[in-house]
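Reader: I have a model open and want to learn how to read it. Can we go feature by feature?

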Amino acid sequence: MPGDEAPSSAAPAPLARAEQFIWLTARVLEQRRFAFHFLGGDADPVDTALCSYLNGDGGYGHALDPDLRGPLSQPLHTAHALRVLDSLGRCAGQRIERLCRHLTRVSTPDGALPVASPAPRGYPAAPYHPVFDDPPGELLTTGPVVGLLHRNRIWHAWLFRATDFCWDRVESLRRSHPYEIQSAVAFLDGSPDRARAAAAADRLGRLVREQRLVVLDPRRRHEFPPAPGYAPGEQLYPHDFARRPESLARGWFTDEELRRSLDFLAAEQQADGGWPVRRRAWAPGSSLERRPIATLEALLTLRAYGRPLGPASRPGPERPR
């Protein structure tokens, strides 16, 4: 009879919505990572998927980072691979030894990594990652790689000069941009010299606030213009710097500032279940591959801060017997 209809079911939980988006759009690597982190999946399939990007020179290529296309090994791919291996607890062994030898070969004269190594220009790359014949070393690329290797207690000759490069850049920064600050945080969070890292992070936190490199209140984001060269709306928030509560960048923000940031992050989930990418779109394939990565990062950050994600919609894959 009219009026006796059963109430409609509640909307799917954020995790279930994201899961649908991942199965619909993601590469095999991101599907396997989602299953590992949120469905109780095994680490081996993630490792296997990552190995498909590994080159014979010990580096990673094949658009592992979607902004650099083609098969060639590039430092940005190395940083991406190390983040995956770190999340699996597998950042060790002969694979890392070979990777460090590769980093030695592709480093700049000051012992650092360029954003993109010189290579034949036949392979597409994002316009904000230009390829130079003699590229400089950059904290943007070197910081995350060095930080993750230190975090996993890797010791290799390549790390000595690369670590010195990072300290020099971090401690001498006077002007910067948000992505470079993110890389500095990645280095400091992994540095074994915790007292020096804490002091450097404290100074960087003041710089970030003074130069308005972070949107402290999403409701007033129009008051924080994007950095030069960034796309409209390409702004970073407290959660983008302090992705985990244990990060040194967590101390840069009050509880209220971080709460607003996490509320904004949770609310950014779109109707299809994925999170948006704020950087400039330059190629359909790159943009499509980037969104599942952003979705995984959003889910991991929200979970790290104890935000409820709800259940997934399907059971995870069976573990091998």
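Reader: Which backbone atom does the side chain of histidine 77 reach?

Author: One caution before that: this is a predicted model. A polar contact is a pair of N or O atoms within 3.5 Å. Here the side chain of histidine 77 reaches the backbone nitrogen of aspartate 65, at 3.0 Å.

Reader: Where is histidine 77 found?

Author: Histidine 77 is found in helix H4, which covers residues 75–88.

Reader: Is histidine 77 buried or exposed?

Author: Under 20% relative accessible area, a residue counts as buried. The value for histidine 77 is 0%, so histidine 77 is buried.

Reader: Leaving aside neighbours within four places in sequence, which residues is histidine 77 in contact with?

Author: Beyond those neighbours, histidine 77 is in contact with Tyr60, Gly61, Ala63, Leu64, Asp65, Leu68 and Leu72. Asp65, whose backbone nitrogen the histidine 77 side chain reaches, is one of these contacts.

Reader: Histidine 62 next. What is phi of histidine 62 near?

Author: Phi of histidine 62 is near 60°. That is a positive value in a residue other than glycine. Histidine 62 lies in the loop between helix H3 (43–51) and H4. Its relative accessibility is 36%, so histidine 62 counts as partly exposed.

Reader: What phi does arginine 212 have?

Author: Arginine 212 is not a glycine, yet its phi is positive, at about 55°. Arginine 212 is found in the loop between helix H9 (194–210) and helix H10 (238–241). With a relative accessible area of 39%, arginine 212 is partly exposed.

Reader: Now helix packing. At what angle do the axes of H2 and H4 cross?

Author: Read the distance and the angle together. The axes of helix H2 (residues 28–38) and H4 come within 11 Å and cross at roughly 25°. Angles under 35 degrees count as roughly parallel. H2 is therefore roughly parallel to H4. The crossing of H2 past H4 is left-handed.

Reader: Which residues make the contact of H2 with H4?

Author: H2 supplies Glu30, Arg33, Phe36 and His37. From H4 come His80, Val84, Ser87 and Leu88. By class, the residues of this contact are three nonpolar, three polar and two charged.

Reader: And H11 with H12: at what angle do they pack?

Author: Helix H11 (residues 255–267) and helix H12 (residues 284–304) pack at about 140°, and their axes are 10 Å apart. Roughly antiparallel needs an angle over 145 degrees. H11 and H12 are therefore oblique to each other. H11 passes H12 in a left-handed crossing.

Reader: Which residues in H11 and H12 meet?

Author: In H11, Leu262, Leu265 and Ala266 meet Ala298, Thr301 and Leu302 in H12. The residues of this contact divide into five nonpolar, one polar and no charged.

Reader: One last feature. How many residues apart in sequence are arginine 203 and glutamate 171?

Author: Arginine 203 and glutamate 171 are 32 residues apart in sequence, and their C-alpha atoms are 8.5 Å apart in space. Arginine 203 has its place in helix H9. At 22% relative accessibility, arginine 203 counts as partly exposed. Buried would need a value under 20%.

Reader: Which residues is arginine 203 in contact with, leaving aside neighbours within four places in sequence?

Author: Arginine 203 is in contact with Val170, Glu171, Ser172, Leu173 and Arg174, once those neighbours are left aside.

How values were computed: Residues numbered from 1 in each chain as written. Predicted model: local features only at pLDDT ≥ 70, side-chain atom pairs only at ≥ 80, totals over all residues. Heavy atoms only, no water. Helix = DSSP H or I, 4+ residues; strand = E, 2+ residues; numbered from the N terminus. Buried < 20%, exposed > 50% of the residue type's maximum accessible area, 1.4 Å probe, protein only. Polar contact = N/O pair within 3.5 Å; in protein donor to acceptor, adjacent residues only side chain to side chain. Contact = heavy atoms within 4.5 Å. Axes fitted to C-alpha atoms, helices over the stretch in contact; angles between N-to-C directions. Parallel < 35°, antiparallel > 145°, perpendicular 65-115°, else oblique. Left-handed = near helix turned anticlockwise from the far one by under 90°. Nonpolar A, V, L, I, M, F, W, Y, C, P; charged D, E, K, R; others polar.
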